[in-house]
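Let's take a walk through a protein model together. Keep the picture open while you read, and look for each part as it comes up.

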Amino acid sequence: MKKLLKKPLKKILIKAGLKMDPAKQYLYSSVPPYKLITNLTEEELLSLMRHEAHRIEKSIYNDIFESKFNIYNEKAKRIKEICKELEQRNLDENEPTLVWAKQILTAFNDLKSNFIEPYSKVPQSYDLSKAQEYVDFVQQRRSVRVWHDKQPSKDELEALADQCIDAARWAPSSGNRQPWQFKVLTEQQDKDLLKKIKEEHCTSAPLLIFIGMDRRLYGSLSLKQFETALYIDAGAAIMNMVGTAQSTGMGTCWNHFGRDMIDSREINKKIYLNFCEHMAIPDYIEPVAILAIGAPAYMPPTPARVKVQSLKIV
Ligand SMILES: Cc1cc2nc3c(=O)[nH]c(=O)nc-3n(C[C@H](O)[C@H](O)[C@H](O)COP(=O)(O)O)c2cc1C
């Protein structure tokens with residue numbers, strides 16, 4: 001009886017998109033309902049490719065490649081399917097994700113000798129006394145909200161924004177999905193679009209960088225629009241940007257720009273929609289923050305910090 005019920009139940013689940021149809025390997029996502037590869041955007045495909053390649057690579061470090069070979073072989077097949085799809089879409093063959101995933105595919109039969117060993121580096125020797133230097137640097141950072149009269153030129157600010165974004169992309173991201181999207185604002189008329197939603201110190205900052213996350217890259221993997229990793233991935237990148245600006249002597253202020261704040265008032269929603277329209281920010285972008293950057297008029301007093309001991313759960 002159980003057996004009799006199993007088959008139709010499986011069919012119903014597949015139809016409802018709640019179960020993977022093993023005959024349809026081109027259907028693809030880790031969580032149902034599965035999306036057709038051909039229905040995914042280039043960004044989604046590349047992100048999935050990174051995620052799958054990352055999981056194959058990680059299996060070597062965790063020493064589970066052999067014991068779970070079927071899973072990783074399946075992932076390799078999926079990467080091949082994506083390669084094919086991207087080729088059909090005439091994606092540049094030098095696209096970094098494609099190059100990396102292909103390296104992993106080529107080395108698949110012996111990843112240790114053909115990928116890990118040739119591309120690894122000898123680690124530098126450790127020096128625990130260095131930690132304090134970094135802590136001191138981090139401690140010097142302040143949220144700056146008053147800007148100096150003299151600021152770098154627009155070109156210099158834009159070059160700094162590019163370097164901040166360069167640092168941002170080297171941040172860790174869940175599954176190496178790299179879902180960040182940035183908008184650089186240097187024109188006063190663009191910054192003014194944020195008036196009434198963000199504070200004066202934000203709209204008056206010489207350089208603003210909007211940080212948004214491509215929600216599709218999470219949805220395509222789990223269909224949960226608000227995986228917590230989305231915000232964590234954003235935070236990791238933002239701190240790399242903050243550190244980059246700080247290393248030049250520039251000041252920064254992280255300004256909250258999350259959906260909760262936007263949705264809290266009708267006027268905020270309108271301002272945000274208008275901002276997105278003017279700045280060509282697509283609706284699949286989840287807003288997270290606006291980083292204000294500029295030469296500080298002064299470094300503000302250090303706000304209180306909780307003692308290390310109090311932060312430790314005992
Ligand atoms: C997620 C997050 C959101 C923040 N949002 C704002 C903001 O909207 N406006 C603001 O003036 N500062 C904002 N800040 C800065 C904090 O107020 C600041 O980091 C905190 O008061 C500690 O001061 P410090 O950064 O000088 O150490 C934010 C910081 C974080 C991490």
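Predicted model: local features only at pLDDT ≥ 70, side-chain atom pairs only at ≥ 80, totals over all residues.

The protein chain has 314 residues, and 28% of them count as buried. Its secondary structure comes to 14 helices and six strands. If you take the contacts between residues at least 6 apart in sequence, 76% of them join residues at least 24 apart.

Now for the inside. The largest nonpolar core has 40 residues, and Leu-208, Ile-209, Ile-211, Met-241, Ile-290, Leu-291 and Ile-293 are the ones with the most contacts inside it.

| Element | Residues |
|---|---|
| Helix H7 | 154-169 |
| Strand S3 | 180-185 |
| Strand S4 | 207-214 |
| Helix H10 | 216-222 |
| Helix H11 | 228-247 |
| Helix H13 | 266-279 |
| Strand S6 | 285-294 |

Which of these gives the largest share of the core? That's H11, with seven residues. Another core, of 15 residues, lies apart from this one, and Leu-46, Leu-48, Met-49 and Leu-86 are among its members.

Back to Ile-290 for a moment. Leaving out residues up to four places away in sequence, Ile-290 touches Leu-194, Lys-198, Cys-202, Leu-208, Phe-210, Asn-255 and Phe-257.

Next, a pair of helices. The axes of H2 (residues 42-61) and H4 (residues 96-106) come within 10 Å and cross at roughly 30 degrees. This crossing is left-handed. On the H2 side the contact is made by Leu-46, Met-49, Arg-50, Ala-53, Ile-56 and Glu-57, and on the H4 side by Thr-97, Trp-100, Ala-101 and Ile-104. Sort the residues of this contact by type and you get seven nonpolar, one polar and two charged.

Around the ligand sit Arg-142, Ser-143, Arg-145, Glu-199, Cys-253, Trp-254, Asn-255, His-256 and Pro-303. This shell splits into three nonpolar, three polar and three charged residues.

Last stop: Asp-162, which lies in helix H7. Is Asp-162 buried or exposed? Asp-162 has 12 other C-beta atoms within 10 Å, and a residue with 12 or fewer counts as exposed, so Asp-162 is exposed. Asp-162 and Val-184 are 22 residues apart in sequence, while in space they are 8.7 Å apart, C-alpha to C-alpha.

Definitions and conventions: Residues numbered from 1 in each chain as written. Axes fitted to C-alpha atoms, helices over the stretch in contact; angles between N-to-C directions. Helix = DSSP H or I, 4+ residues; strand = E, 2+ residues; numbered from the N terminus. Left-handed = near helix turned anticlockwise from the far one by under 90°. Contact = placed C-beta atoms within 7 Å. Nonpolar A, V, L, I, M, F, W, Y, C, P; charged D, E, K, R; others polar. Near = placed C-beta within 6 Å. Core = buried A, V, L, I, M, F, W, Y, C linked by C-beta atoms within 7 Å. Buried ≥ 20, exposed ≤ 12 C-beta atoms within 10 Å, placed from the backbone.
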